[in-house]
Amino acid sequence: MYRYDEYDQTLVDERVRQFRGQVARRLAGELTEDEFKPLRLMNGLYLQLHAYMLRVAIPYGLLSAVQMRKLAHIARRYDRGYGHFTTRQNIQYNWPKLEDTPDILAALASVEMHAIQTSGNSFRNTTTDQYAGVAADEIEDPRVYCEIIRQWSTLHPEFSFLPRKFKIAVTGAPNDRAAVRLHDIGLIMRRGDAGETGFEVIVGGGQGRTPFVGPTIREFLPKKHLLSYLEAIMRVYNQLGRRDNLFKARIKILVHEVGAEKITEMVEEEWRHIKDGALDLPKEEVERIRAHFAPPPYETLAAAQPAFEEKKRADGAFATWADTNVAAHKVPGYAIVNLSLKPVGGIPGDATADQMDAVADLAEHYSFGEIRVTHEQNLVLGDVRRTDLHALWRKLRDIGMATPNLGLISDIIACPGLDYCGLANARSIPVAQRISNRFADLKRQHDIGELKIKISGCINACGHHHVGHIGILGLDRKGEEYYQITLGGSADQDAAIGKIVGPAFSSEAVVDAVETVVNTYVELRQNGERFIDTYRRVGKEPFKERLYAAA
Amino acid sequence: MEKTVALQVVTANRIGDGTVVYLTRVGGWSERITDGEVSRSDEERDTLMAVAQATAEIPEVVEPYLIDVVEEAGVIRPVRYREAIRAQGPPVHPAFGQQAEEG
Amino acid sequence: MPLLRDGALVDDPWVTVDDGTQLPMDGPAIVSLERWQAHRDELLGRNAPLGIRLKSDQPPALIADDLDRFAVVALEFPVFRDGRAYSYARLLRERYGYRGEVRAVGEVLRDQFLFMLRCGFDALEVRDEKAVDQWREAVSEISVVYQPAADSQTPVWALRHRRSAAE
């Protein structure tokens with residue numbers, strides 16, 4: 001993974017000192033809250049219902065064991081012993097003190113981490129495929145370009161006061177595990193006519209109040225033009241994005257209002273002036289960054305691992321876990337292991353400091369010391385030998401991260417919701433817990449198969465409910481919590497926004513409603529269809545009928 | 001007897017640590033909503049907010065605002081669920097917030 | 001209002017004249033885009049330096065052909081959150097080659113100084129004189145830049161390889 005050189009380190013150290021100064025001025029009353037708020041947001045510090053919340057950047061979801069241990073330390077020393085992994089591959093702490101935040105940032109800087117631009121109206125974390133670099137279906141490792149984008153977008157003087165936040169996602173595989181079409185800019189690595197790799201460029205996707213699947217504005221962009229093209233897009237957006245209405249300020253609104261064709265025209269026109277210039281990274285720099293993502297020292301192993309197969313035969317629980325949570329690795333004899341942060345009845349995405357330390361140890365022991373965070377709020381150990389899977393599984397069970405539910409109904413994404421968030425209208429976590437408990441039976445979960453439930457506590461959609469196979473949106477109706485169900489959303493290469501199925505359900509009724517939807521699917525499915533396949537075949541009517549039959 | 005709903009208290013977050021606090025009769029800030037000074041008229045409301053905003057300038061607290069409360073048998077309770085959560089702590093984590101201290 | 005250039009408060013010879021107000025006979029004056037568009041000849045007829053003030057929804061493309069008429073271009077930040085002028089300043093410098101004074105006016109706060117300088121502003125109209133003391137720290141507190149802009153700072157990637165080439 002990328003390691004800081006003296007320049008990178010200097011930047012984060014200076015940033016800590018800068019923020020320390022800003023906090024001191026605030027506490028001395030030299031800055032009003034209005035003046036301080038954008039500064040603290042630019043360092044990821046929110047004020048929420050009960051306390052401040054600090055969002056720490058985990059660039060494109062990649063962490064070292066050393067860094068994970070520091071996150072555990074911060075949870076213990078400065079928070080309440082836990083953290084929450086988010087839908088943008090970051091981590092959030094719910095109870096930091098403002099007066100401690102400079103020290104927290106200093107602790108992060110000591111392990112090459114920061115909270116720069118995890119909030120505010122600038123570039124946020126550039127996210128990617130959690131299997132980047134090791135996926136069997138990958139064309140090229142997108143993390144090299146994520147790091148290039150991360151650096152270019154850090155404290156960019158022209159784009160630090162955009163109309164709104166800006167989110168970029170990159171994937172290197174045709175199976176899109178990064179939801180790139182739901183981002184302000186999405187980049188898909190593609191092969192050009194001469195076989196070289198480049199990017200398909202998508203602009204104007206997003207969720208929130210007005211969800212859109214982003215259109216492609218350029219089918220193929222050669223890699224050398226990446227930063228100049230991005231800068232052209234940003235310059236158009238910075239000048240033309242709406243500033244009169246917070247809810248219409250994202251680039252997706254601009255794209256929708258002027259049209260993809262016009263946006264393309266404007267971007268290409270701006271780009272004409274700046275391409276082949278100062279924003280072309282020298283080859284040496286690209287190679288320097290690429291070298292950090294060189295493959296680890298894999299052993300030469302056989303693809304067939306009879307010992308592993310034997311363990312599966314002998315132990316049904318292990319077999320279930322291996323079949324569900326383990327994905328194919330491009331190197332023979334290796335596997336990608338998903339660590340579930342969705343224990344039955346648990347809080348999706350939460351991990352205790354002890355769990356974090358344990359994961360760090362496991363990463364060092366089994367996976368070259370690296371961990372990935374997924375946008376579905378789980379963790380990944382990307383390079384595990386198949387022969388180690390059984391031993392790893394047993395240790396994961398000991399720390400409660402071996403629930404064999406990846407992509408199943410209890411692998412729920414939920415935002416923090418009204419339990420924590422100042423923007424929320426309703427609670428989301430207890431709905432996730434109740435659904436998880438209702439479907440606790442593993443056999444039933446496996447019979448249902450792939451079913452992605454995503455829950456948001458408000459229209460800002462941090463739970464990504466728009467792209468849930470079943471999406472749940474919490475509402476406040478006259479002081480009562482109600483939940484609107486959408487069906488048929490999808491975050492992968494067949495990206496789609498879910499459709500509202502009918503009137504919202506009370507808190508008491510929503511879990512039954514979800515069960516009705518599930519039962520309807522089970523009844524109607526054919527030929528091994530997943531839920532999403534059946535929905536696409538039969539549409540929402542059968543589900544709507546069953547849900548509102550009594551009414 | 002009817003519950004009166006036109007009552008309000010001022011709440012904010014303490015600047016240093018973000019703790020939820022309520023403005024008291026003596027112009028200080030308490031973590032307990034029961035210590036909150038209840039305003040029963042427009043005038044009282046304005047006075048409370050003026051005191052709160054002065055404190056915010058010092059700065060002791062951040063972003064003070066008024067919330068509706070009801071008074072039942074001498075106990076002050078927020079009207080909105082959101083404010084009940086702020087007063088008590090996150091329901092999903094009973095070990096945190098006021099609810100833990102009372103429990 | 002105090003004017004900050006290169007870390008020092010300087011005398012400001014410029015007067016910003018409201019649209020409804022009579023222009024002074026001589027002396028440097030800054031006018032709005034609307035006034036420029038409506039009274040161009042009259043303004044050019046004055047035997048005194050001219051400046052123009054653009055609102056945040058008035059991009060410099062609107063005056064690109066006339067830039068050599070203006071000794072000052074003032075760009076507004078109606079609120080500090082409105083960051084359009086950062087792009088405008090860069091366009092003035094890098095696209096249109098403008099060499100006159102580019103002045104930041106409006107809500108110009110210490111924590112934006114560095115971004116402003118990097119984008120090509122060379123004069124900042126500040127709220128009060130405290131800004132002078134804040135200046136030096138504000139413009140030097142981050143010494144590493146990751147991207148090229150309108151200033152002359154070398155982005156890190158160039159430093160990295162310049163250094164290796166030298167070794």
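Two strands pair if DSSP finds at least two bridges between them. In this predicted model, that rule gives chain A an open sheet of five strands. The strand order is S1-S2-S5-S4-S13, and the pairing is antiparallel. Strands S1 (45-47) and S13 (350-352) of chain A form the edges, each pairing on one side only. From one strand to the next, the twist averages 30 degrees.

Look inside the sheet at S4 (residues 82-85) and S5 (residues 91-93) of chain A. These strands run antiparallel, joined by two bridges. A:His84 has A:Gln92 in S5(A) as its bridge partner.

**Domains of chain A**

The domain assignment divides chain A as follows.

| Domain | Residues |
|---|---|
| Domain 1 of chain A | 6-109 |
| Domain 2 of chain A | 134-289 |
| Domain 3 of chain A | 306-398 |
| Domain 4 of chain A | 413-547 |

Domains 1 and 4 of chain A have C-alpha centres 33 Å apart. They also touch: six residues of domain 1 of chain A are in contact with eight residues of domain 4 of chain A. On the domain 1 side of this contact, five residues are polar, one is nonpolar and none is charged.

**Contact between chains A and B**

Chain B brings 23 residues to the contact, and chain A brings 19 residues. On the side of chain B that touches chain A, strand S4 (61-72) and helix H2 (81-88) of chain B each supply at least two residues. H2(B) gives the most, with four residues. By class, this side of chain B has 11 nonpolar, six polar and six charged residues.

How values were computed: Residues numbered from 1 in each chain as written. Chains lettered and ligands numbered in written order. Predicted model: local features only at pLDDT ≥ 70, side-chain atom pairs only at ≥ 80, totals over all residues. Contact = placed C-beta atoms within 7 Å. Nonpolar A, V, L, I, M, F, W, Y, C, P; charged D, E, K, R; others polar. Domains from an automatic or database assignment. Axes fitted to C-alpha atoms, helices over the stretch in contact; angles between N-to-C directions.
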